[in-house]
Amino acid sequence: MRVARHSFYEATARRRVDGLLDQNSFREFCGPAARIVSPHLPALGMPVAFDDGVVVGEGTIDGRKVLIAAQEGGFMGGAVGEVHGAKITGLLERAADVKPEAVVLLLDTGGVRLHEANAGLVAMGEIQRAALSARHAGVPVIVAIGGKNGCYGGMSIVARSCDWIIASEEGRLSISGPEVIETVEGIEEFDAQDRALVWRTMGAKHRRLIGEIDALVADDMGAFRSAILNFVGRPRPLDLDALEAEHAMLSRRLERFWDCADGRDVWARLGINDPAAVPALDADSFNGLVGALEGGRS
Amino acid sequence: MSEAASAMDRVLVELFGEDHGVVRDAATLTGVARFDGRAVTVVGTADRAVIGADVALRLARAVLDAMRDEPGRPILVVVDNAGHRLSRRDELMANNGCIAHLTRCLDAARRRGHRVVGLVHDLAVSGGFMATGLSTDLCYALPGSEVRVMAPAAMARVTKIPLDRLEELSAVNPVLGPGVENFIRVGGLEGVWDGDLMAHFREALSRPLDGADMRRALGESRGGRSAAARVAAAVRAGAAA
Amino acid sequence: MEHLEFDYDGTGAKPARAFALAGVVGSGNLEVLIEAADLGGRCAAVVDTSVRGYGETWRQVLADFFARHAMSDVRVSINDGGATPAVVSLRLDQAAAEIKDASA
């Protein structure tokens with residue numbers, strides 16, 4: 001049973017930060033009172049937000065110092081504009097300077113904000129480079145996905161450039177939104193209204209099963225907090241051997257599954273006896289299944 | 001060979017000579033060419049390719065090989081794409097993870113001392129530009145090419161801003177509309193290579209760089225992206241306001 | 001977009017905290033930033049709204065708000081995506097409760 005006040009999905013960006021960090025430990029950078037708003041939206045007749053849709057700052061989680069960014073999915077779908085992007089980039093660059101035990105990115109976004117498209121796209125490249133710089137400085141970057149927008153577009157590439165990804169069952173991680181594929185390629189290619197198909201293709205369970213994300217949790221603030229804590233202070237290697245290992249993993253995936261038409265085909269080939277049952281499993285049962293698969297493999 | 005492909009070949013010939021050694025496999029370009037007496041790895045795509053999971057991995061392999069074979073060897077990334085591939089299969093395979101892998105390989109090459117230069121030929125779109133040009137040290141465009149996030153008509157539909165209004169605003173604000181000139185102004189492109197391509201490439205290979213991301217500063221000095229540099233610096237300093 | 005500015009008499013204590021924020025800018029929603037400000041005891045409100053022509057409604061909703069919460073030296077700043085008066089009042093009350101809360 002889900003208790004509403006603990007839901008990560010239902011919470012705003014600010015509530016997520018409050019819910020994950022130690023009480024009263026959060027100090028915001030360039031907060032709403034500074035009114036650093038989008039310089040581009042007013043000309044388009046669009047309302048601005050005082051934080052441009054992202055909260056950035058520092059705090060502690062179980063006493064361990066972290067930097068944190070939280071995208072507000074309710075403002076323009078969490079999309080990345082010039083200021084929004086610069087805040088995340090600046091936070092990641094700060095990480096390389098001050099070396100916290102982790103940077104935590106709570107991503108809830110459709111990708112580039114089309115109203116300031118070019119600035120948003122270049123910002124994606126800057127965020128990614130800053131994330132990798134933080135990692136090279138030895139600071140692990142942890143992504144959490146569990147909001148209404150999932151994590152799409154350029155931010156899905158950023159997410160996979162970080163050390164660890166945690167997602168709730170509601171989380172989705174993909175470069176293209178289902179609507180975009182349907183609009184451009186037709187409903188035969190992707191029926192965006194078919195929610196079960198969306199989840200089997202882009203959802204957190206499929207992503208966990210193919211090795212795109214590292215932890216699946218229930219939609220609960222405490223579950224996210226525990227999962228984040230598990231990765232704090234644990235950078236992953238980023239050298240040539242690590243890149244070769246990643247290349248081997250991705251190449252093997254394409255060899256094994258390229259002819260699969262559906263997530264269920266992939267799961268069956270992974271050795272899951274009843275792939276049709278996967279979507280209904282709760283987080284604990286699902287993680288038990290993942291554990292059994294990984295145990296059987298080693 | 002299509003007109004665009006032969007135009008691409010002319011560019012390679014002009015830079016590296018008739019026997020440039022760059023091989024086309026479907027839309028993918030890979031090879032080791034010679035420039036001023038030293039080896040240069042060429043990776044990229046042609047014919048407005050779409051970057052699918054398989055394409056991303058093929059390009060990543062060439063970048064990994066360059067790092068393994070010869071530390072410091074320059075890499076030219078030829079950018080010609082219509083974006084990432086929009087398909088159910090690519091999403092099922094997690095195209096974002098495969099593209100992230102390509103960009104991480106390019107990033108690793110930069111940090112290990114390979115000069116990574118991008119060159120947009122014909123077209124670069126959104127995720128396709130992020131997969132390639134945005135992961136280079138310096139990215140340029142050839143005259144007549146285009147860089148964009150989305151075609152104006154589609155952008156008008158999604159943003160619900162009338163097309164004529166959007167085009168009117170694009171004329172005065174470089175963050176909004178497509179075009180190489182706009183991407184130069186926001187700092188996403190270094191400049192245009194017209195005239196002597198070898199001279200341009202030579203300059204890009206020898207330019208002293210310290211590894212800092214200069215794109216925000218460029219966008220600020222060129223008046224195309226005035227807020228980003230200041231905001232990022234304030235957050236980096238941990239400023240309350 | 002329409003920009004509106006209002007000014008009211010202050011009637012109570014200065015707020016306990018520097019600022020508070022409630023709500024998110026979106027369709028049918030708004031954000032309310034409430035701040036301590038040196039206004040010589042008065043209260044001020046600034047509204048940027050995507051829906052034009054409701055100045056009188058805003059004046060009344062904000063007057064009700066300042067009447068409900070006795071405060072002085074307070075500035076309210078609103079970014080509005082077309083919220084109903086009920087939602088506006090709810091967000092104003094949330095912001096006021098937070099800025100008056102000395103415990104945090």
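## Which chains meet

Chain B and chain C don't touch: their nearest C-alpha atoms sit 13 Å apart. This is a predicted model, and it has 2 pairs of chains in contact, with chains A and B sharing the most contacts.

Over where chain A meets chain C, the contact draws 13 residues from chain A and 16 residues from chain C. Sort the chain A side by class and you get 8 nonpolar, 4 polar and 1 charged residues.

## A helix pair across A and B

Now for helix 9 (residues 240–257) of chain A and helix 2 (residues 53–69) of chain B: their axes come within 11 Å and cross at roughly 150°. That angle is over 145°, so the two helices count as roughly antiparallel to each other. The crossing of helix 9 of chain A and helix 2 of chain B is left-handed.

Who makes the contact? From helix 9 of chain A it's A:L240, A:L243, A:E244, A:H247, A:L250, A:S251 and A:L254, and from helix 2 of chain B it's B:A53, B:D54, B:L57, B:A60, B:R61, B:L64 and B:M67. By class, the residues of this contact split into 9 nonpolar, 2 polar and 3 charged. As for the spacing, an α-helix has 3.6 residues a turn, so residues three or four places apart point the same way.

## Helix 3 of chain A

Helix 3 of chain A (residues 117–136) has 20 residues and runs 29 Å from its first C-alpha to its last, close to the 28 Å expected at 1.5 Å a residue. Of those 20 residues, 19 are buried, so helix 3 of chain A is largely enclosed by the rest of the structure. After helix 3 of chain A comes A:G138, with a positive phi near 90°.

Key: Residues are numbered from 1 along each chain as its sequence is written. Chains are lettered from A and ligands numbered from 1 in the order in which they are written. This is a predicted model: local features need pLDDT of at least 70, side-chain atom pairs count only at pLDDT 80 or more; totals for chains, interfaces and linings use all residues. Two residues are in contact if their C-beta atoms, placed from the backbone, lie within 7 Å. Helices (H or I, at least four residues) and strands (E, at least two) are DSSP runs, numbered from the N terminus. The expected span of a helix is 1.5 Å times one less than its number of residues. A residue is buried if 20 or more other C-beta atoms lie within 10 Å of its own, exposed if 12 or fewer, and partly exposed in between; C-beta atoms are placed from the backbone. Ala, Val, Leu, Ile, Met, Phe, Trp, Tyr, Cys and Pro count as nonpolar, Asp, Glu, Lys and Arg as charged, and the others, Gly among them, as polar. Axes are lines fitted to C-alpha atoms, for helices over the stretch in contact, and angles run from 0 to 180 degrees between N-to-C directions. Angles under 35 degrees count as roughly parallel, over 145 as roughly antiparallel, 65 to 115 as roughly perpendicular and the rest as oblique. A crossing is left-handed if the near helix is turned anticlockwise from the far one by less than a right angle, and right-handed if clockwise.
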